[in-house]
Amino acid sequence: MKKGKRYAEAAKAIDRANLYDTTEAISLVKKASVAKFDETIEAHIRTGCDGRHADQQIRGAVVLPHGTGKKVRVLVFAKNAKADEARAAGAEYVGAEELIPKIQNENWFEFDVVVATPDMMGVVGRLGRVLGPKGLMPNPKAGTVTMDVTKAVQEIKAGKIEYRLDKTNIIHVPIGKASFTEEQLADNFQTLMGAILKAKPSALKGQYLKSVTVAPTMGPGVKLNTAKFA
């Protein structure tokens, strides 16, 4: 795969053998964002967990103080007063059973996060096969199965992100945009890392954080010194 001149130039500034502290890493990653669009800055956290064991799973959510820089479209499964509440809170789409065929048959996915009241989970469960693989299934641990739909929608709009282990036991999450200031990115990153450290499974033996990297969508990654998070 051919990496462009911009990538090569950006990569020159980063010492692959070095482990940087947060401030320096954020500064480098902003400089490495050289695409013609406002790149997303992501954190990739490789853990020592084994997600095949239920007691080593990591899943949760955290509100980033400066948001993600992305407009998030929210779909809420709710009825009656809770549906009205969701609309008032700013949810783009609100509905119940009538949305099932739209998603299943028409391949409608014009939303980024799904919230559901507990009584609607029987209905939403029918969409497990299509929502699950896309990471869109509501989950109590992420705060997306709740009776407090106002709080759920408002937090998502304010920059709440979900983190979870992938199949290779790595957590991938956005921490903002290249257009953010270094302070905003650092604040978001520190908030995320605080949540990840709190989520350390008690059953885990050995090293928790194997590596932490921040990277722009199209640019090279910068590795951080994980000892600083121990």
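Start with helix 2 (residues 22-31), whose buried residues are Thr22, Ala25, Ile26, Ser27, Leu28 and Val29. The model on screen is predicted. Next, show what covers these buried residues: the cover includes strand 1 (40-47), strand 7 (170-177), helix 8 (182-198), strand 8 (209-216) and strand 9 (222-224).

Now select Tyr163, Ile175, Phe189, Leu192 and Val214. In the largest nonpolar core, which has 37 residues, these five touch the most other members. Two or more residues of this core come from each of helix 2, strand 1, strand 6 (160-164), strand 7, helix 8, strand 8 and strand 9. Helix 8 gives the largest share, seven residues.

Which residues is Ile175 in contact with, leaving aside its neighbours within four places in sequence? They are Ile26, Ile41, Glu42, Ala43, Leu64, Gly67, Phe180, Leu185, Asn188, Phe189, Leu192 and Val214.

Then move to a second, separate core of 17 residues; Ile100, Trp108, Met120 and Leu127 are among them.

For the last stop, select helix 3 (residues 80-89) and helix 7 (residues 149-158). Their axes lie 8 Å apart, and the helices pack at an angle of about 25°. Because angles under 35 degrees count as roughly parallel, helix 3 is roughly parallel to helix 7. The crossing of the two helices is right-handed.

Show the side chains at this contact. Helix 3 contributes Lys82, Glu85, Ala86 and Ala89, while helix 7 contributes Val149, Thr150, Val153 and Gln154. Coloured by class, the contact of helix 3 with helix 7 has four nonpolar, two polar and two charged residues.

Technical notes. Residues are numbered from 1 along each chain as its sequence is written. This is a predicted model: local features need pLDDT of at least 70, side-chain atom pairs count only at pLDDT 80 or more; totals for chains, interfaces and linings use all residues. Side-chain values use heavy atoms; hydrogens and water are left out. Buried means under 20% relative accessible area, exposed over 50%, partly exposed in between (1.4 Å probe, protein chains only). Helices (H or I, at least four residues) and strands (E, at least two) are DSSP runs, numbered from the N terminus. Contact means heavy atoms within 4.5 Å. A nonpolar core is a set of buried Ala, Val, Leu, Ile, Met, Phe, Trp, Tyr and Cys residues joined through side-chain atoms within 4.5 Å. Axes are lines fitted to C-alpha atoms, for helices over the stretch in contact, and angles run from 0 to 180 degrees between N-to-C directions. Angles under 35 degrees count as roughly parallel, over 145 as roughly antiparallel, 65 to 115 as roughly perpendicular and the rest as oblique. A crossing is left-handed if the near helix is turned anticlockwise from the far one by less than a right angle, and right-handed if clockwise. Ala, Val, Leu, Ile, Met, Phe, Trp, Tyr, Cys and Pro count as nonpolar, Asp, Glu, Lys and Arg as charged, and the others, Gly among them, as polar.
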